[in-house]
Amino acid sequence: MQTDKKGAAPRSMLRRKLMIGAAALALGLAAAPKLGLAQTPPTSEVNTTDLAVTDDTVKVGILHSVTGTMAISETGSVEAEKLAIDQINEMGGVLGRKIEFIQEDGASDWPTFAEKAKKLLVEDKVAAVFGCWTSASRKAVLPVFEQYNGMLYYPTFYEGLEQSPNVIYTGQEATQQIIAGLDWVSKEKGAKSFYLLGSDYIWPRTSNKIARKHIEDHLGSKVVGEDYFPLGATGFNSVINKIKLKKPDVIYAIIVGGSNVAFYKQLKAAGIDMTKEKPLLLTISVTEDEIRGIGGENIVGAYAAMKYFESLKNENNEKFVAAFKAKYGEDSVIGDVTQAAYEGPWLWKAAVEKAGSFDIDKVREASPGIELTTAPEGYVKIHENHHLWSKTRIGHAQTDGQYEVVYETKDLVEPNPFPEGYQ
Amino acid sequence: MFADYSWSELGSIFAMQGFAGLVLFSVFVLMALGLAIIFGQMGVINMAHGEFMILGAYVTYLTTNVVEAVVPGLMPVSFFVAMVLAFFAAGALGMLVEMGMIRFLYKRPLDTLLATWGLSLILQQTYRTIFGAREVGVTLPDWMMGSLPLTDIIEIPINGLIVMAITLAITLAVAFIMFRSRFGAQVRAVVQNRAMAGAVGIDTERVDRLTFGLGCGIAGIAGSAFTMIGSTGPSSGQLYIVDTFLVVVFGGATSLIGTVASAFTISQAQSTMEFFLSGSMAKVLTLLTVVGILMLRPQGLFVLKVRR
């Protein structure tokens with residue numbers, strides 16, 4: 001911001017030069033805030049609905065569990081969202097306003113999530129909330145967001161069957177994650193028989209339902225078994241025996257949380273060497289984050305179908321990984337959801353700038369069609385249905401706990417939260 | 001479901017399945033022994049049992065990391081060193097907790113439930129602060145992973161064998177301490193009649209403290225052993241607590257033999273049903289069976305005859 005009153009003419013010259021420079025560098029948005037107050041629209045214009053927006057700040061909420069059982073998964077999302085907010089602020093903020101975040105703890109408890117969401121929307125009047133992880137927590141806050149008209153950026157891959165005007169889903173919905181992966185094992189690995197496994201709640205069950213339909217109706221292959229285990233189950237020896245008896249080509253595993261560690265350790269101990277790919281293991285629930293607990297040596301050889309892996313080779317991702325490690329330490333790992341959480345603040349910023357306003361209704365209207373060319377996963381775009389167009393990739397687990405990307409879909413996969421013929 | 005398989009395949013699978021049941025049995029015994037001592041002998045409902053187990057797991061994690069960095073040559077035996085340390089760490093914490101909290105609650109056993117539940121939350125958050133919210137991977141010596149292939153299908157998991165061996169050793173040790181040692185006689189005396197035990201010169205407070213410490217120490221060993229088969233995170237202890245109480249209550253809280261018998265019954269039922277049904281359904285049926293039997297026999301499978 002320049003306060004020099006004397007040199008008005010030289011200042012506009014300077015501004016013009018800056019603008020030319022900016023255009024030449026094709027930096028566009030990044031340079032805009034440097035131009036000072038003239039670019040910052042007055043608060044009365046960008047905030048007609050009494051949100052927590054001042055002349056130089058805007059408040060947003062971060063709502064994840066940092067205590068309780070889910071903290072294990074949600075920590076990465078919190079870190080990514082804070083990193084994105086920092087980076088946006090370094091670039092000058094949104095519509096000339098620095099982002100300030102208010103962080104609330106959902107404490108792995110769904111009613112607490114709803115209560116904190118209400119607090120963020122009603123008391124703090126935040127312009128957007130980045131948060132939730134489990135479907136249960138999202139379902140708990142949904143009525144709150146719809147009643148008080150808030151905007152939630154939800155990062156997790158999930159079962160679909162939902163589309164709210166008050167949520168932008170930055171993770172993949174089930175069909176995006178599942179179908180490309182199944183097609184790949186069927187075509188590339190010649191898989192004919194599948195054993196479906198999952199933790200016993202809505203996401204694995206819905207996902208396996210879609211998987212079964214696709215396997216039976218579209219691939220013409222066979223599902224030889226389907227099993228569910230209570231969340232937190234630690235004994236998998238019986239089902240491993242069953243798998244040995246049925247000899248499927250593919251174990252399709254959607255196990256979550258601490259159970260994962262038990263499952264992969266016991267699978268290895270039972271002599272199933274996944275690097276031999278007999279059977280091959282395909283998962284949609286194990287990101288680099290989970291592998292830290294499982295241990296790379298226990299899951300080496302498995303395949304995962306998701307939209308993002310830390311090892312992805314492109315310029316955006318290299319920058320993102322470097323920035324993340326600089327902030328949170330060399331040992332930190334980045335999983336699919338962490339990356340999706342990182343996209344949240346950027347997508348919101350783009351929508352606000354397109355709308356020229358922080359008002360929730362205008363941001364919602366501006367959201368479909370928003371493109372993010374700087375996303376670590378590459379290019380993404382918001383669909384009419386509030387989900388993201390994104391590529392699906394197959395990663396091959398290595399002993400160091402990283403995935404090596406062995407395949408990616410040629411085009412962006414269209415999000416289809418209400419898949420016809422799959423329900 | 002067996003029509004498509006040959007007899008040799010079926011034979012192998014039943015052998016494997018029997019082994020899986022035995023491993024589950026060992027796991028149940030190991031996790032329930034510590035609680036059986038604390039709940040059964042002292043009447044304290046220790047909801048923080050799982051957190052004492054996880055303390056053992058974290059001690060194992062730290063020890064193996066230190067050994068790997070400082071004396072890599074000792075790596076093959078690091079696990080057993082860790083297990084001993086886990087016993088003492090969990091035992092020491094247990095005694096501290098007994099001194100600071102439990103001893104004021106012996107007359108109010110139901111309140112121990114709330115107090116130890118609070119303790120479990122505090123411990124979980126402490127682990128989260130110290131070790132981070134994410135699970136940690138415990139590096140195990142190579143020889144402990146993998147399996148011994150007997151035939152094409154029958155492969156014996158080495159970690160299963162180790163868990164069984166540890167369980168056997170700990171059970172024998174506990175049986176010896178409780179039924180063959182002077183300390184065990186004192187513990188049983190205090191359980192049966194506290195006032196009388198005090199009158200004949202037994203330091204009941206000391207016995208209480210050591211008993212609680214012993215129970216927690218065994219939990220620590222269990223946690224250490226479970227790094228081979230399960231996860232190590234701040235709230236991993238929660239994965240075990242329900243099963244643990246189930247085993248102890250079903251067996252008859254006051255009887256150590258009952259604990260072993262009930263672990264055997266539940267593990268075999270569960271592992272067999274898991275084979276024929278889905279994992280969740282097996283759990284439901286197991287719980288229903290236990291509830292049914294407890295309705296007929298509220299005192300559990302075995303019960304000590306005590307004059308009250």
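Author: The points below concern the predicted model shown above.

Reader: What are the ground rules?
Author: This is a predicted model, in which local features need pLDDT of at least 70, side-chain atom pairs count only at pLDDT 80 or more, and totals for chains, interfaces and linings use all residues. Residues are numbered from 1 along each chain as its sequence is written, chains are lettered from A and ligands numbered from 1 in the order in which they are written, and side-chain values use heavy atoms, without hydrogens and water.

Reader: How many helices and strands are there in chain A?
Author: Chain A has 14 helices and 15 strands, taken as DSSP runs (helices H or I, at least four residues; strands E, at least two) and numbered from the N terminus.

Reader: And how compact is chain A?
Author: Its radius of gyration is 23 Å, close to the 22 Å that the globule rule gives for 423 residues, so chain A is as compact as a globular protein of that length. The radius is taken over C-alpha atoms, and the rule is 2.2 Å times the number of residues to the power 0.38.

Reader: What share of the residues is buried?
Author: Of the 423 residues in chain A, 61% are buried, meaning under 20% relative accessible area with a 1.4 Å probe, protein chains only.

Reader: Turning to strand β7 of chain A, is it mostly covered or open?
Author: Strand β7(A), residues 222–229, is mostly covered, with 6 of its 8 residues buried.

Reader: In which sense does β6 pair with it?
Author: Strand β6 (residues 193–199) of chain A pairs with β7(A) in the parallel sense over 7 bridges; pairing requires at least two DSSP bridges. Ser199(A) stands opposite Phe229(A) in β7(A).

Conventions. Buried < 20%, exposed > 50% of the residue type's maximum accessible area, 1.4 Å probe, protein only.
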